[in-house]
Amino acid sequence: MSFVFQKSFILGLCLALSIFGLGIGYFLYNLQPVDSVPRIETIEIKKGTGFEEIAGKLSARGLIRSEKSFKAYSILAGRAQFFKPGVYFVSSASSTPEIVRKLSISGGVVTVTLQEGISFKDIEEKLASFGVIDEGSLKRIALADFVKEF
């Protein structure tokens, strides 16, 4: 191997790795939430709605950064085939992985009956078991904000 060939090979390899790294970085950026301030959108997925149409709806509503990244992540995560019909309340502050999880685990609107006298912790556990919220998310709600709203 000549010195010129080795130098060209190393330079080409560095260039290829740089492009690959930038591509991965761009993909990961596109998985991040669209907004830091939540904006809730209602998305209805009817039985038989295709994967492409779901990605299009989410993109049109400004809930994902990139249809292609959404599709790629859904396929890589093995959830593209498992989106369930239902009515979903999707936040613009949710990342693509969170949205994919929501669409593939829950079935949209869930009816939960809470008995009188149930504790705040029990409410959180019950809602988390139905996939309505993540475990620990009610603990993060500031009581002052809650009281101010109501």
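## Nonpolar core

The largest nonpolar core has 14 residues, and those with the most contacts inside it are I54, L58, F70, I99 and L103. Such a core is a set of buried Ala, Val, Leu, Ile, Met, Phe, Trp, Tyr and Cys residues joined through side-chain atoms within 4.5 Å; buried means under 20% relative accessible area, exposed over 50%, and partly exposed in between (1.4 Å probe, protein chains only). Two or more residues are given to this core by each of β1 (40-45), α2 (51-60), β2 (86-91) and α4 (96-105). In soluble globular proteins, nonpolar side chains tend to be buried together.

When residues up to four places away in sequence are left aside, I99 touches L58, L63, I64, F70, V90 and S94, where a contact means heavy atoms within 4.5 Å.

## Basis of the model and overall fold

The model is predicted, and local features therefore need pLDDT of at least 70, side-chain atom pairs count only at pLDDT 80 or more, while totals for chains, interfaces and linings use all residues. Residues are numbered from 1 along each chain as its sequence is written, and side-chain values use heavy atoms, with hydrogens and water left out.

The protein chain contains six helices and two strands, arranged along the sequence in the pattern α-β-α-α-β-α-α-α; helices (H or I, at least four residues) and strands (E, at least two) are DSSP runs, numbered from the N terminus. Of its 150 residues, 27% count as buried. Among the contacts in the protein chain with a separation of 6 or more, 53% come from residues 24 or more positions apart.

## Salt bridges

The structure holds five salt bridges, each defined as a side-chain nitrogen of Lys or Arg within 4 Å of a carboxyl oxygen of Asp or Glu. R39 takes part in a salt bridge with D35, with the closest N and O atoms 3.5 Å apart, and in another with E41, at 2.9 Å from N to O. E41 is also paired with R61, the closest N and O atoms being 3.4 Å apart. This pair links distant parts of the chain, with R61 in the loop between α2 and α3 (67-76) and E41 in strand β1, 20 residues apart. Through shared partners, salt bridges join D35, R39, E41 and R61 into one network.

## Helix α5

In helix α5 (residues 120-129), the buried residues are I123, E124, L127 and A128. Seen down the axis of α5, these residues fall within an arc of 130°, so they line one face of the helix; the arc is that of the directions from the helix axis to the C-beta atoms. The face turned away from the buried side of α5 carries the exposed residues K121 and S129.

## Surface

The protein chain exposes about 10,500 Å², of which carbon and sulfur atoms supply 62%; accessible areas come from the Shrake-Rupley method with a 1.4 Å probe, and for residues only the protein chains shown count as cover.

F5, F9, I10, L13 and L17 make a nonpolar surface patch of about 530 Å². Patches are made of residues with over 30% relative accessible area and no salt bridge, with like charges joined within 9 Å and nonpolar side chains (Val, Leu, Ile, Met, Phe, Trp, Tyr) within 5 Å. F9 lies in helix α1 (residues 3-30) and is exposed, with a relative accessible area of 53%.
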